[in-house]
Amino acid sequence: MAESKQLTLPITGMTCANCVATVERNLKKVDGVQTAAVNLSSERATVEFDPALTALPALIARVERAGYGVAAGEANLSIRRMSDDNDARRLEKALSSLEGVLSAQVSFAGERARVNYVPTIVSQAELRRAVASAGFEAIETGGDAEDAEALARQKEIDTQKRHLLVGLIFTVPLFILAMSGDLGLLPMSISHAPWMKWLMLALATPVQFYVGWQYYVGAYKSLRNGSANMDVLVALGSSAAFLYSLPVTFGWLSGHVYFETAAVILTLIKLGKLLEARAKGQTSEAIKKLMGLRAKTARIIRDGAEMEVSVDEVKVGDVVLVRPGEKIPVDGVVVEGRSAVDESMLTGESMPVEKSPGATVIGATLNKLGLIKFEATRIGKETALAQIIRLVEEAQGSKAPIQKLVDRISNVFVPTVIAIALLTFLGWFFFGPPLAINADMSNFTRALIVMVAVLVIACPCAMGLATPTAVMVGTGKGAEMGVLIKSSEALERAGHVQMVVLDKTGTITRGQPAVTDIVALGLAEDELLRLAAAVEKGSEHPLGEAIVAEAGNRELVLADPQGFSATAGHGVEAQVEERRVWVGSPRMMAERGLDTAALDAEVQRLQGEGKTTVLVAVDGRVAGAIAIADTVKDGSVEAIQQLHKMGIRVAMLTGDNRQTAEAIARQVGIDEVLAEVLPGDKVAAVKKLQAQGFVTAMVGDGINDAPALAQADVGIAIGTGADVALASAPVVLISGDLRGAARAIRLSRATLRTIRQNLFWAFFYNIILIPAAALGYLVPALAAGAMAFSSVFVVTNSLRLRRKNIQ
């Protein structure tokens, strides 16, 4: 069976949740499509399919057949080094074969290539690389690659603006004329003159069939696809008012014309859609910020010469030079120089990170102090920044479980509203409720106006936007804080967490033993440490390395040991400057016949604190003790306190013995200790907590703890650095700071709260105002205004998340 492929398509022309359902349903009809998820807020469709059965052109054709479009970019490239027309044909073929390219035309005479492409699948940088690999040189002349989708969206907004302007030009005078007549501000001879109705018809017609044409087309395509969307409601409502007014204008019927009602409905809804489009654009602000972090150029050393090139031209293996104050262009490993690098834009950590030879650097971070040279290891789509952008976009395109309920309601919403509108019309026509809008109206006219109000008050858009806009803002804000949430489902689940399980080593603690206490008898502390470290110079044991590291921190000069010997599990001994020095366990000292009584109380105290204690003897006498422990990371205590403030219990998972584990637990404030757990038993430990009824999050190493992270309700991988894609967990903390886990849960809760507010508004609005319209309390123009601004309210409420303090 062939491997499935996933593509993201930028969809144009969607207006409400029914449009989402229509696009999804049509894409799923394509042979070979396994899943299709459409997001109204980001206006993107993520499609997983079998490439052996279908391809991109079939998917685009199906979207277009459903009545929608796929945003395409156009690249105009100036081509160098073509020698004849055959080269042009060869290049055309090479470009056309790229995934995401819709068409390619290459002119040998004009030395130009024009390429239409889907910007979410292929970028202009990749087009230029394809030109280079075919043996030619490309110079991009048609705008920034990343702007292609934005330009397509902007074109849509410009069209909406133009329609709104035309709508206002005709609707405002039409409304003034109608209201002046109704309020008696015009003489009867003018307001009731036949030509006044013809003037109103002339003003209303451009609005109905130019401004409103999009709704007619949308309604037709929706009905052709066997569904009904917002366009159907708007087209029905405005047409009913307009068409009723025609026979009155022609003199076939007597009564009032309602041209201004039809025009106001269309113009107000167009205004609402424009405001909504602008607000929706702000929901992806975080992604735009991340894209803006990328360096445009890089200074590389190639063939011994220093040169400045476009960042797209950097190759793996190139040596890149970065001066203080410059952005690091791509990912790599430092080969020369030392510096401090500001990684806050990706990790959320404000403190610069020290870099020296062998350290990894991440593209888009800022070099603060020294000049460094590094070897490029990841470029283009492989860099950490590109992976982060891809993961955030995938999360924003996914559907939260809560959205599935909304989708089911949206599928039947419009038909239900049409049914209510028809019943309302019949009720008013035959029975005439006591609350009449105007006593002079005929039953038919009154019933028609109330029906129009019901049709245009209903708003499926607010329901469709309630969840995806909040998810987009939430995941984007997370990325700014160094918290990557890979799916909407994980974002929703994290908000329900009751128990957080922390892997001890590398999560709560540094995972590197360090000297914590030195107790000296008859010698200075530094002298005791110097002698012990000199013996341990020859040892490879982690405890010995900790002692040597502490001596290095204190800048002690170590002599070379003579006659070194090690006893496995006990300790080491050697001659240092003509003195015999033993470093080892109390048991080793006892076997050598050395008296440890003077230190027994101290050893017991230190071991009670979970520290490993080694004794040091010099020339046959015990001279002191050195305590070593895996030290707690900065921020671990604060992170656990933050979790407790949120009402979350915290458990620690470790392979250490219970005494050591409980000592660490007391130090940081852990509620429950799971000690002596073997690596293979971590999954069972998580299952045990879940069986007790806890919604559980597991925080650990994204690779080594993968099975336990997968078992937990929410897996949180910590300290992944540049390898964000390697972590299998649905939530990834780029930095190693445990406070990121608390931030992730806080962010999830804030996002869920926003989703609930949005859904409450969307449902409350429809549940209250549809009956109000049916009872005659709302005139159509007011109903259209309320409908237009309901979705704007939802998007604006989601945008409030950007300003929330989640730290």
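## The nonpolar patch

Helix 14 supplies four residues, the largest share of the nonpolar patch, where helices (H or I, at least four residues) and strands (E, at least two) are DSSP runs numbered from the N terminus. The patch covers about 670 Å² and is made by Leu423, Leu426, Phe429, Phe430, Phe431 and Phe444. Patches are built from residues with over 30% relative accessible area and no salt bridge, like charges being joined within 9 Å and nonpolar side chains (Val, Leu, Ile, Met, Phe, Trp, Tyr) within 5 Å; the accessible areas come from the Shrake-Rupley method with a 1.4 Å probe, and for residues only the protein chains shown count as cover.

The model is predicted, so local features need pLDDT of at least 70 and side-chain atom pairs count only at pLDDT 80 or more, whereas totals for chains, interfaces and linings use all residues. Residues are numbered from 1 along each chain as its sequence is written, and side-chain values use heavy atoms, with hydrogens and water left out.

## Aromatic pairs

A search of the whole structure finds 15 aromatic pairs, a pair being rings of Phe, Tyr and Trp (its six-membered ring) with centres within 6.5 Å, and planes under 30 degrees apart count as stacked, over 60 as edge-to-face and the rest as tilted. The rings of phenylalanine 242 and phenylalanine 259 are edge-to-face, because their centres are 5.4 Å apart and their planes stand at 65°. Phenylalanine 242 belongs to helix 9 (residues 230-249) and phenylalanine 259 to helix 10 (residues 259-283), so this pair ties together parts 17 residues apart in sequence. Both of these residues, phenylalanine 242 and phenylalanine 259, are buried (under 20% relative accessible area, with exposed over 50% and partly exposed in between, using a 1.4 Å probe and protein chains only).

Phenylalanine 425 and phenylalanine 444 also form an edge-to-face pair, at 5.6 Å centre to centre and 85° between the planes. Phenylalanine 425, at 16% relative accessibility, counts as buried, whereas phenylalanine 444, at 37%, counts as partly exposed.

## Salt bridges

The structure holds 36 salt bridges, each a side-chain nitrogen of Lys or Arg within 4 Å of a carboxyl oxygen of Asp or Glu. One of them joins arginine 128 to aspartate 312, with the closest N and O atoms 2.8 Å apart. This pair links distant parts of the chain, 184 residues apart, with arginine 128 in helix 4 (residues 124-133) and aspartate 312 in the loop between strand 10 (305-310) and strand 11 (319-322).
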